[in-house]
Amino acid sequence: MRPVHLRSGPARRPSSLATLLLAAASFGPATAFAADAEPPVTPAPVTLSPVTVTGNAADPAPAGLALDRPNTGGSRLDLTPLETPASVEVISGRTIRDRGQTSVIEAVTQNATGFTSLAAPGNGGSSLATRGFAGHGSVMQLYDGTRLYVGSGTVTFPFDSWSAERIEVLRGPASVLYGEGAIGGVINVVPKRPTADARHEAMVAIGTDGTRRTAFGSGGPVGEKLSYRLDVSGNRSNGWVDRGDMKNLAVSGAVRLQATPDFAVTLSNDYGDQQPQEYFGTPLINGGLNDALRHRNYNVADSAIRYRDNWTQLKAEWAVSDALTLRNTAYHLTSHRHWKDVESYAWIPATQRIQRSSYIEIYHDQRQVGDRFDATWRGSLFGLKNEMVGGFDLNRIEFKHTNNSPYGGSSSVDPFDPAPGLFLNSAGTSPRSRSRTRQYALFAEDRLSLTPQLALVGGIRYDAPTVERWDLVANSSYTKDFHATSWRTGAVYEVVPGLALYGQYATAVDPVGNLISLSPAQKDFELSTGRQLEIGVKQSFLEGRGEWTLAAYRLVKDKLLTTDPNRPAVTMQVGRQSARGLEASLSLGLWEGVRVDVNGALLQAKYDDFTQTVSGRAVSYAGNVPTGVPERTANIWGSWAFLPGWEARAGVQYVGKTYADAANTSVRPAYTVVNAGLDYHPTDNTKLSLRAYNLFDEVYAVAGGTTSWVLGRPRSAELAFSMTF
């Protein structure tokens with residue numbers, strides 16, 4: 001065995017094997033393993049040295065689009081965005097923390113092109129929209145390259161950005177990489193990992209609404225072969241609505257054993273505990289917002305929301321030779337979620353009061369066990385340079401849903417002085433359903449360099465999930481097998497060094513509902529299918545100080561559930577939804593100490609064939625804009641180091657109007673939010689930061705229906721002290 005070297009910067013990193021597959025043969029009714037890991041890494045071509053992880057805690061690439069840095073979110077071959085025929089962005093951890101973005105959702109929507117938030121308590125505060133498609137069933141979230149399966153439309157991990165080394169974003173279909181449920185795009189949160197050199201940082205902050213934040217991070221070697229990383233962050237606040245107390249805790253730890261120069265094993269564990277604001281929205285008065293209700297909370301006094309997630313991962317890496325690398329990842333995830341709230345609010349003109357309904361108590365108990373193996377070969381094919389990766393995923397997910405369906409109870413309150421009252425539970429809370437999902441997938445990806453300038457990149461994936469679901473009330477059950485093949489093919493042509501043209505055709509599959517909580521009414525339908533054609537250009541110029549991208553695409557999704565126009569009580573799977581758009585981004589260092597980052601997306605999204613039953617009649621919504629999808633978005637950030645030790649920055653986020661219903665009768669207005677910050681460095685390793693959020697106190701809605709909206713954060717401020725040592 002020869003040592004290998006993981007190159008920093010634009011070079012590719014080598015891979016290694018992983019702890020051999022945790023008994024794939026035992027995958028069956030009792031036990032199963034699945035995985036999703038970071039894509040393979042590449043052995044350096046000449047001199048080799050021990051496997052090491054580079055760059056994690058140091059927050060590399062603090063500015064720019066990172067077009068020349070390898071990423072794991074857009075390809076399993078560890079390609080750079082310039083080498084990938086798709087729209088890929090990398091947001092560095094340093095950028096996120098410099099801009100005061102404490103949550104993953106803030107980091108994605110305020111930095112990445114074309115992503116917007118639909119965050120609400122019911123979806124775990126993590127739902128996103130992009131390229132005309134919205135929700136966890138179409139925009140997938142990964143942690144360290146591994147897919148998190150969605151139960152009942154809710155994802156609650158990861159949420160805190162402190163431990164993120166970077167966030168990778170892929171726009172467009174990603175089923176060929178990660179399976180069903182990613183037609184719109186993917187975000188991949190990559191955590192900090194152990195490093196060979198010692199790095200430590202800490203932060204404390206105080207802010208308006210009684211906000212307090214504390215965070216600590218430490219990493220480095222423990223002897224010659226062992227290294228570690230530990231990150232802890234906690235947040236508390238009184239919230240910006242009445243009775244809006246919130247708190248959360250995130251702990252991330254990892255140890256890495258460099259057993260031999262070319263073999264390494266990493267054991268990590270990540271834990272999250274959230275108790276967000278128990279706020280489910282603000283009721284509309286005569287169809288619009290009343291500013292006097294902005295800080296009112298219409299939930300009950302004994303409401304409860306809590307999410308607890310724990311993720312354990314064992315990753316082994318082995319660089320067998322210059323040409324062959326192997327990797328295996330085994331993991332175990334548990335999620336426990338609890339809601340007890342009154343969730344629906346409607347203005348009643350006759351009584352001039354707010355009618356509250358949907359007294360809902362829900363528990364989610366979810367366990368996901370998985371294993372993933374892949375092998376990467378780098379050599380030649382017919383005398384041409386070729387890189388190929390292939391492998392498999394295995395997953396087993398158990399999900400239990402406990403609730404108080406049919407969610408009865410109602411009450412009315414004064415809109416301006418709502419008496420909270422107590423939770424009403426007429427049906428009683430008990431286990432209602434249980435499911436077990438077993439999934440396996442085979443995948444492959446290849447990059448063939450026809451010339452030094454022209455490369456073909458393609459991939460294929462076969463998925464075969466099986467869902468078993470038990471109705472614990474009706475004492476019934478079903479078993480459903482799904483099969484899907486996704487593929488993509490594309491080409492990248494480097495016109496001159498740093499300037500690349502690309503084109504891609506990709507297919508995708510989405511579930512008609514969340515796969516692991518698929519209802520009996522949905523079990524007989526197939527997976528929805530999608531296809532996308534995309535062309536674009538990317539360039540890095542001025543020796544990396546400037547980068548820009550431009551992409552045009554058309555994306556179509558077929559087999560939507562829709563009402564039979566002639567039989568309103570019958571559901572068919574013949575609907576269609578489509579989107580086409582332009583996306584552009586620019587990052588430019590104008591001169592020393594001054595940088596501007598700009599991106600924007602123009603979108604035309606519509607239902608091509610979609611009918612719903614309204615008051616017993618079939619109503620066509622063909623031509624309407626899908627719900628929750630803005631057709632105009634933009635982000636602008638500027639920073640200026642105007643004096644030694646001083647830096648100012650400001651950001652503008654624009655989100656166009658969205659529709660809250662398929663009929664397009666309820667409109668959530670467009671909004672513009674301005675954030676700003678000022679940093680002062682008393683010493684080289686300390687920093688004072690004053691940040692203002694929503695500087696002009698915009699009143700805006702990020703989610704909601706036709707009778708109430710979930711509002712975004714009002715104007716607030718924060719003072720933080722951070723240091724490295």
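With which residue does the side chain of R296 meet in a salt bridge? In this predicted model, the partner is D242, the N to O separation being 3.9 Å, where a salt bridge denotes a side-chain nitrogen of Lys or Arg within 4 Å of a carboxyl oxygen of Asp or Glu. Because R296 lies in the loop between β14 (282-283) and β15 (304-319), and D242 in the loop between β11 (226-237) and β12 (246-260), the pair ties together parts that are 54 residues apart in sequence; helices (H or I, at least four residues) and strands (E, at least two) are DSSP runs, numbered from the N terminus. R296 counts as partly exposed, at 25% relative accessibility, and D242 is likewise partly exposed, with a relative accessible area of 35% (buried means under 20% relative accessible area, exposed over 50%, and partly exposed in between, with a 1.4 Å probe and protein chains only).

Residues are numbered from 1 along each chain as its sequence is written, and side-chain values use heavy atoms, with hydrogens and water left out. As the model is predicted, local features need pLDDT of at least 70 and side-chain atom pairs count only at pLDDT 80 or more, while totals for chains, interfaces and linings use all residues.

In total, the structure holds 45 salt bridges. One of them joins E445 to R488, with the closest N and O atoms 3.5 Å apart; since E445 belongs to strand β20 (residues 430-449) and R488 to strand β23 (residues 484-496), this pair ties together parts that are 43 residues apart in sequence. E445 is buried at 4% relative accessibility, and R488 is buried with a relative accessible area of 4%. A salt bridge is also formed between E387 and R378, whose closest N and O atoms are 2.3 Å apart, and both of these residues are buried. Beyond such pairs, a network of salt bridges links R94, D98, E647, R649, D679 and K687.

The surface also carries a nonpolar patch with about 1000 Å² of accessible area together, whose members include V204, I206, W640, F642, L643 and W646. Patches are made of residues with over 30% relative accessible area and no salt bridge, like charges being joined within 9 Å and nonpolar side chains (Val, Leu, Ile, Met, Phe, Trp, Tyr) within 5 Å; accessible areas come from the Shrake-Rupley method with a 1.4 Å probe, and for residues only the protein chains shown count as cover. At least two residues of the nonpolar patch are supplied by each of β9 (199-207), β31 (632-643), β35 (671-680), β36 (686-693) and β39 (716-724), with β31 giving the most, at 3 residues. W640 is found in strand β31 and, at 48% relative accessibility, counts as partly exposed.
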